[in-house]
Amino acid sequence: MVVFENVGFKYPGARAAALEGVSVSVRPGRLVALLGPNGSGKSTLARLGNALLSPTSGRVTVDGMDTADDGAIWDIRARVGFIQQNPENQIVGTIAEEDVAFGPENLGVSPAEIRVRVDEALEAVGLSGFQRREPHMLSEGQKQRLAIAGALAMRPAYLIADEPTAMLDPVGRSDVLKALRGLRSQGVGVLHVTHHLEDVLDADRVLVLSAGTVVFDGTPGGLVSDPARAIDLGIELPAEVLLADALRHGGVRVPAGYPSAEEIAEALCRS
Amino acid sequence: MPLLAEGVSYTYETGRTSGVEAVRDVSVSVDVGDLVVVAGTTGSGKSTLLRLMAGLLVPGGGSITVDGFAPGAREARGAIAIVFQNPETQFFAETLRSDVAFGPRNLRRPDPEGDADRALAAVNLEPAVYGPRSPFGLSGGEARRGAIAGALAMGARYLLLDEPTAGLDAEGRRAVRAALAAERASSGVVVVTHDPAEFLDDASHVIALAGGGVAFSGGVDALYGDPSAYEGAGLALPPIVRVQLLARGRGMSLPEVTLDADAAARALLAARGGSR
């Protein structure tokens, strides 16, 4: 389990803390979503999760190991994969399989084992057959999935994804979301940082950060069913969710939660 | 006279996309007051089209004219400003004002600081507050608008932007959208994006590219009238628009289609009452 206990963080020289009193845990096989506007502390929390940063108060542990313990950092990073917004910034290999092999090679994994892990990781993100492909010949969505495969080849128990879909087109975005869902079902604990509630409607838990503190801790349904609260929290609900809410107030029996365009239109014509 | 691309094509001759025709027979016209949205998935040719229109690439076929002149002509100098993806990564100065003033200073304008302040005001960053601040301490939305101000300060008639809202939160996207809407008073604006939904209410013209060619070109009404070509280009209309199109298809009378949830709800409830 990745556990954030009452975590605070202040960047050197900054006047205000980037995070204060944040507690959350990510269990294997669970998807925790972290939402909040730009500058709310989301990325700082993500970086604290795999010891890229150490908390200035409270503590972060990964399966019992403290991220502030320098001796544990490499064990922690082997357990917690990390992918970030821009796929261009995280690809090192000249062909896909080399890129994916980079992590396990550095861990001293045997070549035969690396071969197995690389093929499995590429398969897990839907890139089987792309082994010999040059990364720059991939689409942005494929590059981001390659980055996920690189993290997977380390056999992490957890994956922290910091806005992994922010720079992708709709196709790339849906493929990356699918890959992340696949990991969860294989028992990886996922912390997914995003601006988009639509990306994480099936999360087990949603945290909303604002100015470094947790202002909502609940389920995605809790936000979707209470648009006024979500807007207060700075979470943008998709226009069709707001429309569905306004129509319900107008007496139209739109299904609760997150109805499709077809369901809303159907409800309008039925009632 | 507009910024005009007529039947332009472009094939990359070197590098990773060598021999690939990235743009094929595309025509676009942009006048002051226009907001042209160029939509397409990754690899559809939209960023190449933007570079062609900015004169950064020379088309292999067809022509680009800027108010009737070739892009390289003296008369066309300074007519076009381009804002690349994630422009805030190009900040370099100690204050936002001096960063934004860099362009007009290089063009030897008489009052670069004044140009900078007017540009900052145009993107709703109060010059007295934001001018002296470090560009590196801004929020995502502020930084993006500051970088757009850097392009505006050059006083171009045509403003071309590549994915101007990518990676921004809701507030940042709204602020950028408002800044671009205001900019139309004095410029023609072209927005290239794979996520055009938020610009559809504002667009004067929509072009969807697929595989370098034009899949759809027309006004928003034409797009909503028959979205099949647009959807065929791998693009999706926003669900709120689809609700209204589906309602129309079922005989509800909606005078207009909007992205605004409250306005759409009012119109749908009224149409539903009326059809009983």
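Which residue in E9(A) does Val32(A) stand opposite? In this predicted model, Val32(A) faces Arg205(A).

## The sheet in chain A

Strand E3, residues 31–35 of chain A, runs parallel to strand E9, residues 205–210 of chain A, and four bridges join the two. Both belong to an open sheet of six strands in chain A, ordered E6-E7-E8-E3-E9-E10, in which the pairing is mixed. Strands E6 (80–83) and E10 (213–218) of chain A form the edges; each has a single partner strand, so one side of each is left without a neighbour in the sheet. From one strand to the next, the twist averages 15°.

## Helices across the sheet

Helix H1 of chain A, residues 42–49, lies across E3, E6, E7 (158–162), E8 (189–194) and E9 of chain A. Its direction is at about 155° to E8(A). Helix H6 of chain A, residues 170–185, lies across E3, E7 and E8 of chain A, and runs at about 150° to E8(A).

## Nonpolar cores

The largest nonpolar core has 92 residues. Leu34(A), Leu122(A), Ala149(A), Val206(A), Leu243(A), Leu247(A) and Ile264(A) have the most contacts inside this core. Helix H9 of chain A, residues 239–249, supplies the largest share of the core, with seven residues. Apart from this core lies another, of 70 residues, which includes Leu96(B), Ala119(B), Ala153(B) and Leu159(B).

Which residues are in contact with Leu34(A), leaving aside its neighbours within four places in sequence? They are Lys42(A), Leu45(A), Leu191(A), His192(A), Val193(A), Leu207(A) and Leu209(A).

Technical notes
Residues are numbered from 1 along each chain as its sequence is written. Chains are lettered from A and ligands numbered from 1 in the order in which they are written. This is a predicted model: local features need pLDDT of at least 70, side-chain atom pairs count only at pLDDT 80 or more; totals for chains, interfaces and linings use all residues. Two strands pair if DSSP finds at least two bridges between them. Axes are lines fitted to C-alpha atoms, for helices over the stretch in contact, and angles run from 0 to 180 degrees between N-to-C directions. Two residues are in contact if their C-beta atoms, placed from the backbone, lie within 7 Å. A nonpolar core is a set of buried Ala, Val, Leu, Ile, Met, Phe, Trp, Tyr and Cys residues joined through C-beta atoms within 7 Å. A residue is buried if 20 or more other C-beta atoms lie within 10 Å of its own, exposed if 12 or fewer, and partly exposed in between; C-beta atoms are placed from the backbone.
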